[in-house]
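Please read it alongside the sequence and the coordinates.

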Amino acid sequence: MRVLSGIQPTGRFHWGNYFGAIRQYIELQQGQEAYYFIANLHALTTIRDPETLRRLSWDAAVDLLALGLDPDRAALFLQSDVPEVSELCWLLMTGTPLGLLERCHAFKEKKEKGITADAGLFTYPVLMAADILAYDADAVPVGEDQIQHIEVCRDLARSFNHRYGDVFVMPKAKVLEHAAKVPGLDGGKMSKSYNNTIEIFEDPKAARKKIMRIVTDARPMEEPKDPADDHLFALFALFAPPDQRAAMDATYRRGGFGYGEVKKGLADLAEAYFAEARARREDLEANPKRVADVLAAGAERARRKARQVLDRAQAAMGLKVDRAP
Ligand code: TYM
């Protein structure tokens, strides 16, 4: 199995990124061929300040390594270091129906809000399809919000293969059941664009303050509560070991507790959970050459693979004219 995923450097990574995606990257690097990249070309559709983009892309690489991405197992690289993907994007674009892109959430949402979208945002899913198809990926670990984009990728691959022959491998999304949609401070999906995130490497004191602000309902303490429809419990369950999770589940059903206690427990668990990664991050910060070397080696490996796939696509489409027809 070949695994691939991308993550945008549009802000520092948050708990949703970690539990929905990054944790899977780390599990899946074991024993598979894996490619993980920082989607800086996609980020260009929202970040226009070059220094900000450079800073966030660098931090993204450091964060992923600190969280356990192992460059001896998985290639870690910047999306823009593999120009073959941008060419493949054009090849796919020539067979992409406009209607397919018009139905995609990101574009539809902006349009509904009256924001004028540019061609980059509109064609975003085609670049994402090229990202996936360029590495013959079978499995794409993501959160639920990316499923639609992977369906677009499968549609494009299917129609390309139908027209030009079997060029692309058909990828599948890999979504974790309990972390498909990690809730944010307000109970909606945790997302940079909703300003409801808690960052993985946020200062623990600041994180604690945010946790104490998680929105809860006003039901009396004594009342038993169903943990299944409570976003505070959902967050607690992501961090808690099974025995603590079961105990908290029982507390909810029994009633007679305050949300403040749950929040305090969550803050303690989260701080301990990321403590080792935080220490590794400090080591990496002190050794920037190591990070730069990892990105360079990752890009080289990724380019070798993407070149093979692009060659296959070019040949199938009649772009190779190196001999008489
Ligand atoms: P991005 O950068 O928005 O998010 C990165 C990953 O984090 C997941 N995620 C979540 N999962 C669960 N709950 C949440 N609240 C939550 N918030 C974010 C996302 O599902 C994603 O897996 N278009 C992609 C980047 C991309 C890509 C690709 C992904 C570009 N090319 C090719 C896979 C394959 C994006 O914007 O993800």
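Arg281 is found in helix α14 (residues 275-285), where helices (H or I, at least four residues) and strands (E, at least two) are DSSP runs numbered from the N terminus. The model is predicted, so local features need pLDDT of at least 70 and side-chain atom pairs count only at pLDDT 80 or more, while totals for chains, interfaces and linings use all residues. Residues are numbered from 1 along each chain as its sequence is written, and side-chain values use heavy atoms, with hydrogens and water left out.

**Arg281 and its surroundings**

- With a relative accessible area of 8%, Arg281 is buried; buried means under 20% relative accessible area, exposed over 50%, and partly exposed in between (1.4 Å probe, protein chains only).
- When neighbours within four places in sequence are left aside, Arg281 is in contact with Arg12, Asp59, Val62, Asp63, Ala66 and Phe201, contact meaning heavy atoms within 4.5 Å.

**Helix α1**

- Helix α1 covers residues 15-28, and its 14 residues should span 20 Å at 1.5 Å a residue; the end C-alpha atoms are 19 Å apart, which agrees. The expected span is 1.5 Å times one less than the number of residues.
- A kink of about 40° in α1 is centred on Ala21, the bend at a residue being the angle between axes fitted to the seven residues ending there and the seven starting there.
- Because 12 of its 14 residues are buried, α1 is largely enclosed by the rest of the structure. Among these buried residues are Trp15, Tyr18, Phe19, Ile22, Tyr25, Ile26 and Leu28.

**Helix α9**

- The 18 residues of helix α9 (residues 147-164) should span 26 Å at 1.5 Å a residue, and this agrees with end C-alpha atoms that are 26 Å apart.
- The buried residues of α9 include His149, Ile150, Val152, Cys153, Arg154 and Leu156.
- These buried residues pack against α4 (83-93), α5 (98-102), α8, β4 (139-141), β5 (172-174) and α15 (288-317).
- Gly165 follows α9 and has a positive phi, near 100°.

**Helix pairs**

- Two packed helices are described by the angle between their axes and the distance between the axes. Axes are lines fitted to C-alpha atoms, for helices over the stretch in contact, and angles run from 0 to 180 degrees between N-to-C directions.
- Angles under 35 degrees count as roughly parallel, over 145 as roughly antiparallel, 65 to 115 as roughly perpendicular and the rest as oblique. A crossing is left-handed if the near helix is turned anticlockwise from the far one by less than a right angle, and right-handed if clockwise.
- The axes of α1 and helix α13 (residues 259-273) cross at roughly 50° and come within 14 Å; the two helices are therefore oblique to each other. Trp15, Tyr18, Phe19 and Arg23 of α1 make the contact with Leu266, Ala270 and Tyr273 of α13, and the crossing is left-handed.
- The axes of α4 and α8 are 8 Å apart, and these helices pack at an angle of about 120°, which makes α4 oblique to α8. Their crossing is right-handed. Val85, Leu88, Cys89, Leu92 and Met93 in α4 meet Val126, Leu127, Ala129, Ala130, Asp131 and Leu133 in α8.
- The axes of α10 and α13 cross at roughly 150° and come within 9 Å, which makes α10 roughly antiparallel to α13. This crossing is right-handed. Pro204, Arg208, Ile211 and Met212 in α10 meet α13 residues including Gly260, Lys263, Leu266 and Glu271.

**Loop residues**

- Thr123 lies in the loop between α7 (119-122) and α8 (124-133). Apart from neighbours within four places in sequence, Thr123 is in contact with Met93 and Leu101. Its C-alpha atom is separated by 9.2 Å from that of Leu98, 25 residues apart along the chain.
- Asp136, in the loop between α8 and β4, is a residue other than glycine with a positive phi, near 50°. Asp136 is buried, with a relative accessible area of 6%.
- Asn195 sits in the loop between β5 and α10 (204-212). Although not a glycine, Asn195 has a positive phi of about 55°, and at 70% relative accessibility Asn195 counts as exposed.
- Gly187 also lies in the loop between β5 and α10 and is partly exposed, with a relative accessible area of 33%. The C-alpha atoms of Gly187 and Thr216, 29 residues apart along the chain, are separated by 8.5 Å.
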